[in-house]
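Student: I have a new structure to look at. Can you walk me through it?

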Amino acid sequence: MNRRRFIATVTGSIGCPALLRSEKSAKIKIGQIGLRHAHAIGKLEAIRSLPEKYQLVGVVEPDAERRKRVTGVKFVSEKDLLNTPGLQVVAVETRVKDLVPTAQRVVNTGRHVHLDKPAGPSLPAFQKLIVEAKRRELTIQMGYMLRYNPAFQFMFRAVREGWFGEVMEIDAMMGKLAGAGMRKELAEFPGGGFFELACHILDSAIFVMGKPVKVHGITRRTRKAKGDAFADNQLAVLEFKNGTACLRCNHNDPFGFPRRRFNIAGTLGGMEIQPMESGRFMLNLSRAHGEYKAGTQQVQLKSGRSYVAEFADLAKVIRGEKKLAWTYEHDLTVHKTLLKICGMLDEREDRE
């Protein structure tokens, strides 16, 4: 892809209004709505692990059983949370179908949002949220979990600095073995497994390659004959100006986690991350860059989820110390592409 376009994407701006910028010495008042999302507990733990940056003022969760899973926090109603003086940002961790409506209510009160993924089943609803956030100069930080992963951060930097030359292709897979409960829950959405899970690799692919010029989605429902309509084996092929991406999602794979991978290839090199959150990757370089020699080498960085880094970065954005690397336009492109892959766009939305 064109390096200038990639750099423009990486350094794109999302403004922060002066009234919501936090003094560097002051803690940022934050709340969380929901414990239902698959990432909800992890996000709450990340916030609580940054006491020098955040003051957690309350958590909203109407389900009494879910509240029992968390101790040491103040549970409040959504109304009371949004009426908290000085509240600056809210993490939205509800059920997927409730994510965007909840975030809209938060943005309407003038607060920044950390919004978990995917951005709901409706493109118009997400577009409305982005328009209002942009009008108010509020940050929407999407919770795609690979953004702050050390191996992916390394990849973004290598692409930005031209280590791999022109990126020609991406091949990625993100799957798991889904139990009966997950299959039933995700069957609510026509996009099934890809909609809920593979949006992570789609986000990274578009961050590297830009907006696709053509989008193709293939969906299989392998247990449909048994009355299970869950879309559980899917493939997306994206065409870009000078490259392609092949993204797979399989919820029947007993080795889905160790097989998760992200492979990028360019005219001067590339890298393959596998397993995806291991921090380990094979790096291929035609030319040496710093401590990395020409040729093929294995690199090991920090492994695991990057929720703490995610909220540490959000604090810097809220304080006006930096701009979020992912723009409103990027997030809209990702979501529209995701819905198209999953067959969840109507013809009018697809033309717009």
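Tutor: What follows is a short tour of this predicted model.

Student: How high is the mean pLDDT of the protein?
Tutor: The mean pLDDT is 93. Of the residues, 92% reach 70 or more.

Student: And where does pLDDT stay under 50?
Tutor: Over residues 1-19. The model has 51 contacts beyond four places in sequence for that stretch.

Student: OK, at what angle do H6 and H12 pack?
Tutor: About 175 degrees, and the axes are 11 Å apart. H6 covers residues 123-136, and H12 covers residues 328-341.

Student: Are they parallel or antiparallel, roughly?
Tutor: Roughly antiparallel. Angles over 145 degrees count that way, so H6 and H12 qualify.

Student: Which residues meet there?
Tutor: From H6, Leu123, Phe126, Gln127, Ile130, Ala133 and Lys134. From H12, Tyr328, Glu329, Asp331, Leu332, His335, Lys336 and Leu339. By class, this contact has 7 nonpolar, 2 polar and 4 charged residues.

Student: Now H7 and H9. How far apart are their axes?
Tutor: They are 10 Å apart, and the angle is about 15 degrees. H7 is residues 150-160, and H9 is residues 192-209.

Student: So parallel or antiparallel, roughly?
Tutor: Roughly parallel, because angles under 35 degrees count as that.

Student: Left-handed or right-handed crossing?
Tutor: The crossing of H7 and H9 is right-handed.

Student: Which residues meet in that pair?
Tutor: Phe152, Met155, Phe156 and Val159 in H7 meet Ser204, Phe207 and Val208 in H9. That contact has 6 nonpolar residues, 1 polar and no charged ones.

Student: Switching to H5. Which of its residues are buried?
Tutor: H5 runs over residues 96-108. Its buried residues include Val96, Leu99, Val100 and Thr102. Ala103, Gln104, Val106 and Val107 are buried too.

Student: What comes just after H5?
Tutor: Glycine 110 sits there, with a positive phi of about 85 degrees.

Student: Which residue other than glycine has a positive phi?
Tutor: Glutamate 137 is one, with phi near 60 degrees. Most residues other than glycine have a negative phi. Glutamate 137 lies in the loop between H6 and strand S5 (140-142).

Student: Why call glutamate 137 partly exposed?
Tutor: Because its relative accessible area is 42%.

Student: Peptide bonds next. Where is there a cis one?
Tutor: One joins lysine 117 and proline 118, with omega about -20 degrees. Proline 118 is in the loop between strand S4 (112-115) and H6. Another runs from glutamine 274 to proline 275, with omega near -10 degrees. Proline 275 is in the loop between strand S11 (269-273) and strand S12 (280-285).

Student: Back to S11. Is methionine 271 buried or exposed?
Tutor: Methionine 271 is in S11. Methionine 271 is buried, because its relative accessible area is 1%.

Student: What does methionine 271 touch?
Tutor: Leaving out residues up to four places away in sequence, methionine 271 touches Ala151, Phe154, Met155, Phe164 and Phe262, among others. Asn263, Ile264, Phe281, Met282 and Leu283 are also among its contacts. Met155 is also one of the H7 residues that meet H9.

Student: And how far is methionine 271 from glutamine 297?
Tutor: Their C-alpha atoms are separated by 9.5 Å. Along the chain, the two are 26 residues apart.

Methods: Residues numbered from 1 in each chain as written. Predicted model: local features only at pLDDT ≥ 70, side-chain atom pairs only at ≥ 80, totals over all residues. Heavy atoms only, no water. Axes fitted to C-alpha atoms, helices over the stretch in contact; angles between N-to-C directions. Helix = DSSP H or I, 4+ residues; strand = E, 2+ residues; numbered from the N terminus. Parallel < 35°, antiparallel > 145°, perpendicular 65-115°, else oblique. Contact = heavy atoms within 4.5 Å. Nonpolar A, V, L, I, M, F, W, Y, C, P; charged D, E, K, R; others polar. Left-handed = near helix turned anticlockwise from the far one by under 90°. Buried < 20%, exposed > 50% of the residue type's maximum accessible area, 1.4 Å probe, protein only. pLDDT = per-residue confidence, 0-100.
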